Amino acid sequence: MTAADEVEIAGTVAIVGFPNVGKSTLVNRLTVTRTAVVHELPGVTRDRKELLCDWAGTHFRLIDTGGVDRADTGPFGPQVAAQARQAVEEADLVLLVVDARAGVTPGDEELAEILRASRRPVLVVANKLDDPRRDAEALEFHRLGLGDPFPVSALHGHGTGDLLDEVVGRLPGRGERPVGEEAIKVALLGRPNVGKSSLLNALLGRERVIVSEVPGTTRDSIDTVLRRGETTFVLVDTAGLRRKRHQRQGVEYYSELRALEAAERADVALVLVDSSEGIVEQDVAVADVARKAQCATVVVLSKWDVSEVGIEDLRQELVRRLRQRPPLIAVSAHTGRGLERLLDLVESLFVRYAGRIPTAELNRALGELREARQPPGRRGRRLNLLYGTQVSSRPPRFRLFVNDRRLVTRDYGYWVENELRRRFELEGVPVSIDFVTSE
């Protein structure tokens, strides 16, 4: 049993507030992480993001949301507000974060009115009181009619312990278990605007993240649990990965770091390619990110309902350009085509990614490789593949013993890797091989 299996979640807490009041900073403080993107630019957080928080042995789910501004006429304003409303509906307790330095604003009053109508328990968190001597300034927020405000400084941590004590005391303590290590972690990777959020919403069957035609909509990496039968998936939507470093500025730079971190903790990466455009150089760079992060990889041709590209042409291009030889599948988030097959493929790929090849089968394959191709030699001495074993999984790593590892050429090493991948159906799985001189 893993540590996660032993944990019970006491409830769900949603954090809402006007843009730029410090919600993400408070999330990072309460969870002791730097998971949420924090930037001085208002409106950085758009989707709602779920994290696990632990205080004095009590675990609860924390939902960070985008800043709600009903006067926002931009392309994302209504969708951000809808995401926040959904978070409130799912929550056992709501934290309304306000900027104590700015005092009560019309936006705070509007949100307080919405929260009173929701009939959810609410705590008002008066943030940005960095000097404890100014705590009395929080009293102004009694005007919102939501009870005693809590003066805190999310930046410096002042008052957050008292806030967490109150939060834990208000939660229902229902025993919901978080996902454990058996869950398949799936990262959705791709350049901007290839349909990652649309695919996630289609897989979930609901609007979990904001979908927009504006590139770069997703700025955080969003974890969402999907259960299908006996299998649990943790789907991670990420910000678009840009090819050139000079294109990454400000918040986009930090969002990309989150995407890279998501790849590093994933088991399987879905590399999305816009099938209406075909494979471009940036898609190859994204697939290389997945390879370096040691993820099993599936190339997903998105927007297949509007594509006229031949799938076999793309398959040949992938085999030529991608070392892991990832499987290829065409899907349409709009029509639902291929979504069940995609999840089936992720499951089967994960089994091979996390599985072990019996030593006897591996050595039988090595014997066949010795017969299939003459190994390299130097100065009258020829390489000899003696025997091998798999030393770890998730991803698979093999240790092959030879008479002299200095005789292993780059070309021969790649050939052995590709042959093992072909023989044991490891296409799309990162295979690591250590050649070791047998003593």
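**Ground rules.** I am working with a predicted model, where local features need pLDDT of at least 70, side-chain atom pairs count only at pLDDT 80 or more, and totals for chains, interfaces and linings use all residues. Residues are numbered from 1 along each chain as its sequence is written, and side-chain values use heavy atoms, with hydrogens and water left out.

**Entry 1: the three-stranded sheet.** I took helices (H or I, at least four residues) and strands (E, at least two) as DSSP runs, numbered from the N terminus. Two strands pair if DSSP finds at least two bridges between them. I found 3 strands in an open sheet, ordered β15-β16-β17, with mixed pairing. Which strands stand at the edges? They are β15 (385-392) and β17 (432-437); each has a single partner strand, so one side of each is left without a neighbour in the sheet. Neighbouring strands here are turned by 25 degrees against each other on average, direction ignored. Axes are lines fitted to C-alpha atoms, for helices over the stretch in contact, and angles run from 0 to 180 degrees between N-to-C directions.

I then checked β16 (residues 397-402): 6 bridges join it to β17, and the two run parallel. Val-402 stands opposite Thr-437 in β17.

Two helices lie across these strands. Contact means heavy atoms within 4.5 Å. Helix α11 (residues 359-372) lies across β15 and β16, at about 140 degrees to β15. Helix α12 (residues 410-423) lies across β15, β16 and β17, at about 125 degrees to β17.

**Entry 2: the cores.** I count as buried anything under 20% relative accessible area, as exposed anything over 50%, and as partly exposed what falls in between (1.4 Å probe, protein chains only). A nonpolar core is a set of buried Ala, Val, Leu, Ile, Met, Phe, Trp, Tyr and Cys residues joined through side-chain atoms within 4.5 Å. The largest one has 48 residues, and those with the most contacts inside it include Leu-199, Val-268 and Val-416. Helix α10 (residues 339-354) gives the largest share of this core, 8 residues. Leaving out residues up to four places away in sequence, Val-416 touches Leu-369, Leu-400, Ile-433 and Phe-435. Another core of 23 residues lies apart, with Val-13 and Leu-62 among them.

**Entry 3: strand β7.** How many residues of β7 (residues 184-189) are buried? The count is 6 of the 6, so the strand is largely enclosed by the rest of the structure. Ile-184, Val-186 and Leu-188 point one way, Lys-185, Ala-187 and Leu-189 the other. β7 pairs with β9 (residues 231-237) in the parallel sense over 5 bridges, and Leu-188 has Asp-237 as its bridge partner there. β7 also runs parallel to β10 (residues 268-274), joined by 4 bridges. In β10, Val-268 is the bridge partner of Val-186.

**Entry 4: Asp-283.** Asp-283 sits in helix α8 (residues 281-292). Is Asp-283 buried or exposed? Asp-283 is buried, at a relative accessible area of 3%. Beyond four places in sequence, Asp-283 touches Arg-191, Val-271, Leu-272, Val-273 and Gly-278.

**Entry 5: Ala-91.** I placed Ala-91 in the loop between α3 (77-90) and β4 (93-99). Ala-91 counts as buried, at 5% relative accessibility. Its C-alpha atom is separated by 9.4 Å from that of Ile-15, 76 residues apart along the chain. Not counting residues up to four places away, Ala-91 touches Thr-12, Val-13, Ala-14 and Arg-120.
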